[in-house]
Amino acid sequence: MSTLHIDRTSRWFGNVVAVNDITMDITPGVTGLLGPNGAGKSTLINMLGGFLPPSTGSVTLDSTPIWRNQEAYKEIGLVPEREGMYDFLTGWDFVLANAELHRLPDPAAAARKALATVEMEQAQDRKIATYSKGMRQRVKMASALVHDPSVLLLDEPFNGMDPRQRMQLMELLRRMGDEGRTVLFSSHILEEVEQLASHIEVVVAGRHAASGDFRKIRRLMTDRPHRYLVRSSDDRLLASALIADASTAGIELDYSEKALRIQAVDFGRFTEVLPRLAREHGIRLYTVSPSDESLESVFSYLVAA
Amino acid sequence: MYNQTVARLTYKALLGRRRALILFALPLLLLIVAGTVRATTGMDDEVTRELLGGFAMATMVPLIGVVAGTGAIGPEIDDGSVVYLLAKPLRRSSIIFTKLLVAIAVTVVFSAVPTLLAGYLLNGNSQQIAVAYAVAAAVASVAYSALFLLLGTVSRHAVVIGLVYALIWEALFGSMVSGARELSVQQWALSLAQKVAGSGAGITSDVGLTTGLTLLLVATVGGTWYASRRLRTLTLAGEE
């Protein structure tokens, strides 16, 4: 059982702050690192994997620093996002080479076991260059598992996978977590993280935005104020009717768009009140569209939460 | 220090890719030219010296050095696969040391050995010219491998920089501008060739034997040390 500690850690590249004063512990089980693209997830994973020193703060595995500590790799299995992986080798040669590099007593047996775990024995004698995205990902997994590590770090492991491959990998990671390994994977897709991780860490713009189980994160996301753009046959009348109701916190008459910009605080009630008030006042609704459903804007609410 | 698995991966990477074509093509060209010259003009020490000095030492050895030296690590850093070597309980210096040995072996096999064969083909090793150039090619292989391996760890454009150095500095300035010659691996190695062949053979170098060997040693040890240092602090982030 191993725990990764990130303690008051920042990392900047020149003037750009990629990770801003983050403190978190990654404990045994599956943890999802969630955040939009460019949020600092890869920087965090690179620091946890010993490929990047923190600018300030510390990143440790069971209180031993990871940066410039090759011995840490006895406990860490790494599945990088990048595709480069000795395409001229066969899957077997690749996993065997990884086992040998770990100086395992019986590298062939370890390679066989790891390839069986990811169910790649059938294709193990083919060159990696001929593999599909999902097969490459599984062989990467086998190479990360070959020395039976207590920590698994995966950077965007589901990128480019089809639904079946995704399900297989999720099943495998869930099993690894159940076995007591510390599994951390990054993703920018909430549903992915929600399906797999028992614990979620959210990172937005380099900051630690939220932490907890997926229900808590889900609630934070749906309870946030929602913004709508509404066009109707009588915008002023509709605005006056809506502002009287507690589900609405603010309304702006947008002259250039010829529309109302509405901020709803109670999402469920607002969706019920809007059509009812329109009907009661004889107003026709032409457009009702959410104006801030992008992932980035959803995440930005979490930063403030 | 030597790691067999790292060596195996490096050999496969070097000899299994398209760049291996250059490794085979240049020595083959040298041997074909040597055979043709021998068949048409017979044994001639002057021609032997010109072909081995002008083509083998000035062009072929540095080019093979660029291909083997940068190819031993550059592509792995470029495509990120080096992470599978680095994320292991393995000293970074042993990765560099192993890759250096592989690069040296490949450079010697594809440059010093063909130089020796071409020399024998051209004049039957008269005045030790073949052996002298082969020895020079071998020691130059060591220094080139270390320098170009280092280049592979510091720049993504290692091959281009290496080619510019090999073709412009070594082949062009090295034979025209006297100042440049003193800072040329080729000239350092030729100081040894001059010694091996003796004075009658007409092989000359712009630096003395002691200076030449010292500079070769400094370049090799310094290059290897700095390459290890680079690899120790190699960061793979910045893709976000």
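## A cavity between two chains

About 70 Å³ of space lies in the second largest cavity of this predicted model, which holds three cavities of 30 Å³ or more. The lining of the second largest cavity is made up of 13 residues, and those nearest its centre are A:Leu78, A:Ala144, B:Tyr84, B:Ala87 and B:Lys88. Two or more residues of this lining come from each of strand 6 (76–79) and helix 4 (133–145) of chain A, and from helix 5 (83–86) of chain B.

Among these elements, strand 6 of chain A gives the most to the lining of the second largest cavity, with three residues.

In chain A, four strands form an open sheet in the order 2-1-4-5, with antiparallel pairing. Strand 2 and strand 5 (64–65) are the edge strands of this sheet, each of them pairing on one side only. Strand 1 (residues 4–13) and strand 2 (residues 16–26) of chain A are joined in the antiparallel sense over seven bridges, and within this pairing A:Thr9 has A:Ile22 in strand 2 as its bridge partner. The hairpin of strand 1 and strand 2 of chain A has two residues between the strands, and A:Gly14 takes a positive phi near 60° there.

Helix 1 (residues 41–48) of chain A lies across strand 1, strand 2 and strand 4 of chain A, and its direction makes an angle of about 120° with strand 1.

## A second sheet in chain A

Another open sheet of chain A is formed by four strands in the order 12-13-11-14, and here too the pairing is antiparallel. Its edge strands, each pairing on one side only, are strand 12 (248–254) and strand 14 (285–290) of chain A. On average, and with direction ignored, neighbouring strands of this sheet are turned by 20° against each other. Inside the sheet, five bridges pair strand 11 (residues 226–232) with strand 13 (residues 259–264) of chain A in the antiparallel sense, and A:His226 has A:Ala264 in strand 13 as its bridge partner.

Two helices lie across this sheet. Helix 8 (residues 235–243) of chain A lies across strand 11, strand 12, strand 13 and strand 14, running at about 165° to strand 12. Helix 9 (residues 267–280) of chain A likewise lies across strand 11, strand 12, strand 13 and strand 14, running at about 10° to strand 11.

## Annotated spans of chain B

For chain B, an unreviewed UniProt entry places the feature "transmembrane region" at residues 55–75, 96–122, 128–151, 158–180 and 207–227. In the model, residues 96–122 of chain B are 100% helix and 0% strand, with the end C-alpha atoms 37 Å apart, while residues 128–151 of chain B are 96% helix and 0% strand, with the end C-alpha atoms 34 Å apart.

B:Gln127 is found in the loop between helix 6 (92–123) and helix 7 (129–154) of chain B, and has a positive phi of about 55° although it is not a glycine. In chain A, A:Arg68 is found in the loop between strand 5 and strand 6, and its phi is near 55°, a positive value in a residue other than glycine.

Note on methods:
Residues numbered from 1 in each chain as written. Chains lettered and ligands numbered in written order. Predicted model: local features only at pLDDT ≥ 70, side-chain atom pairs only at ≥ 80, totals over all residues. Heavy atoms only, no water. Pairing = 2+ DSSP bridges. Contact = heavy atoms within 4.5 Å. Axes fitted to C-alpha atoms, helices over the stretch in contact; angles between N-to-C directions. 1 Å grid on protein atoms, 1.4 Å probe; cavity = no way out; pocket = protein on both sides within 12 Å on 5 of 7 lines; lining within 4 Å. Points joined across faces, edges and corners; volume = space filled by probe spheres on them. UniProt positions renumbered as here; feature names shortened; annotations may be inferred.
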